Amino acid sequence: MTQTADPVAPQKPALAPVILLHPNDNILVCVKHISIGDVLLIDGETITSAAAIDVGHKIARAALTAGAKVYRYGAPIGSMTDAVAQGEHVHMHNMKSDYLPSHTRSRQNKNRSEL
Amino acid sequence: MSSPINSTVSFSGWQRADGRKGIRNVIVVAYLVECAHHVTRRIVNLAESLDENLPGDVHLIGFPGCYPNQYAYEMMRAVCTHPNVGGALLVSLGCESMNREKLLSEIIASGRPAELLVIQEAGGTKATIEAGIAAVKRLQSEAAKVARVPMYLNELIVGTICGGSDGTSGISANPAVGRCFDALVAADAICIFEETGELIGCETIMADRAVTPELGAEIEACVAKAEHYYRVMGFGSFAPGNADGGLTTLEEKSMGAYSKSGSSPISGLIKPGDIPPAGGLYLLDVVPDGEPRFGFPNISDNAEIIELIACGSHVILFTTGRGSVVGSAISPVIKICANPETYRRLAGDMDVNAGRILEGEATLDEVGEEILQNVIDVASGKRSVSEELGHQEFILTYKAFEPIGPSCLPVRQIA
């Protein structure tokens, strides 16, 4: 029997591909663009993404507290400056370097004043 | 990698008088101060338009500064006597500090044809351009006489750099280059990775891979030097595009960059212009010694490519996530694109699509083998994409280095 799409049935949200690079990591890396409403499968749990996230960006594998070390490749890559829930985007707005501060086009002066 | 490469893989190289072999026979035309840049560029452009060969056989290089700098001199000497270079034309304004006579005599002593034009003595812009075009023709016909000989993988030096990195670089392209490096080192080739400022955070694990504890200590010290230097500069080696692409911190970028080195032991620590003495994996320290004096260690990726070339690299493996287009005709640059979306946008600038790894279409080993095949093909004469497109970006700025310490090359002591 040939299946046809049911126009009334709600469209199944896309399962967003995120990858775990090392078993000890507390972040996952997005390998395909995630749209708002896409479903993230994290350690067997499903979470609906509240944000659009680009390829190469990170999401929290578990809830993280401010000050928590962030692990990628099994190695520390910085610390959280804010708490995040599982599945939330982890980036410049809630995380910092433990070495040299990162700069963006809009944050250059701020970093200079940190010297 | 799944299949060990056959160490008898050979290609046709150019035999140089110093014993080294090249995979290209390029004529470099060098301005010795910015004031001679325009005249030099005209010589290159006009010489190329008269050349029946594809673009790339004549390469514009130069140093813009008028003040003397030992590093800049050494870099010019190293590039002009690189095994891929068949001859050199130096173009001086006349009053700058670069020791043009010494540079000329060192190039000639390396067994290469070389000529010098001084604009103030040659009669100005038009006369120098005319004389320069004739000089390039003479150099090309001399260089064409160089003997072709079989060349093997264990005579090849391959450098790697990442530029325009993003959050995918450390997952796909960089570890794939690492697999290629492992195979090359196993075949006794020389592999060089670099930018200690982009290895901040990796110093301990990197030191553990050094062939001696003393070398490990040198590696940790050189990363500490880089961190201090960049701290004084006020910016880490981290560009806004890195953040756009998902990288948040310098140490995150470092961990991704580090995977280009593969898993071989680290045989030595070298500085720009040092040529590794034997097959193996080497770390190139690109951060100047002493108190920061001349600004950022390398103001752009191109400066790092030139330093890898000055260390003898015949081929450069350039990984990119955001998408870089740069290249060199002296030592062909092979582009390995980490991000599948970038690859689709910039396919015409890329040699290898490592983004396939993220889309589940290829494994790291498969892409590593593809990179290795690209190295062999380019060494055999096939032009890389950036080479075919005529990319010749070149930048050389002021720096200061102390010679490497005795612990930096244990292999030399063993040999």
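What percentage of the 415 residues in chain B is buried? Buried residues make up 59% of chain B, a residue being buried if 20 or more other C-beta atoms lie within 10 Å of its own, exposed if 12 or fewer and partly exposed in between, with C-beta atoms placed from the backbone.

The legends below describe a predicted model, in which local features need pLDDT of at least 70, side-chain atom pairs count only at pLDDT 80 or more, and totals for chains, interfaces and linings use all residues. Residues are numbered from 1 along each chain as its sequence is written, and chains are lettered from A and ligands numbered from 1 in the order in which they are written.

**Figure 1. Chain B as a whole.** Chain B has 15 helices and 14 strands; helices (H or I, at least four residues) and strands (E, at least two) are DSSP runs numbered from the N terminus. Its C-alpha atoms fill a box of roughly 60 × 45 × 45 Å along the principal axes.

**Figure 2. Domain 1 against domain 2 in chain B.** The domain assignment gives domain 1 (13-148) and domain 2 (153-414), with bounds from an automatic or database assignment. Their centres, taken over C-alpha atoms, are separated by 27 Å. In contact are 24 residues of domain 1 and 20 residues of domain 2, where contact means C-beta atoms, placed from the backbone, within 7 Å. On the domain 1 side, α2(B) gives the most, with 6 residues. That side divides into 14 nonpolar, 8 polar and 2 charged residues; Ala, Val, Leu, Ile, Met, Phe, Trp, Tyr, Cys and Pro count as nonpolar, Asp, Glu, Lys and Arg as charged, and the others, Gly among them, as polar.

**Figure 3. The largest nonpolar core.** This core has 145 residues, and those with the most contacts inside it are B:V28, B:V29, B:A30, B:V91 and B:I336. A nonpolar core is a set of buried Ala, Val, Leu, Ile, Met, Phe, Trp, Tyr and Cys residues joined through C-beta atoms within 7 Å. Helix α6 (residues 173-186) of chain B supplies the largest share of the core, 8 residues. Beyond its neighbours within four places in sequence, B:V28 is in contact with B:H59, B:I61, B:V79, B:C80, B:V85, B:A88 and B:I330.

**Figure 4. The side of chain B that touches chain A.** Here 28 residues of chain B are in contact with 28 residues of chain A. On the chain B side, α8 (213-233), α9 (240-244) and α10 (250-258) each supply at least two residues, and α10(B) gives the most, with 4 residues. The residues of this side divide into 10 nonpolar, 12 polar and 6 charged.

**Figure 5. Helix α8 of chain B.** α8(B) has 21 residues and reaches 30 Å from its first C-alpha to its last, close to the 30 Å expected at 1.5 Å a residue; the expected span is 1.5 Å times one less than the number of residues. Buried residues in α8(B) include B:I219, B:C222, B:V223 and B:A226. Just after α8(B), B:G234 takes a positive phi of about 90 degrees.

**Figure 6. Surroundings of B:R112.** B:R112 lies in the loop between α3 (100-109) and β6 (114-118) of chain B. B:R112 is buried because 24 other C-beta atoms lie within 10 Å. B:R112 and B:G87 are 25 residues apart in sequence but 5.3 Å apart in space, C-alpha to C-alpha.

Conventions
Contact = placed C-beta atoms within 7 Å.
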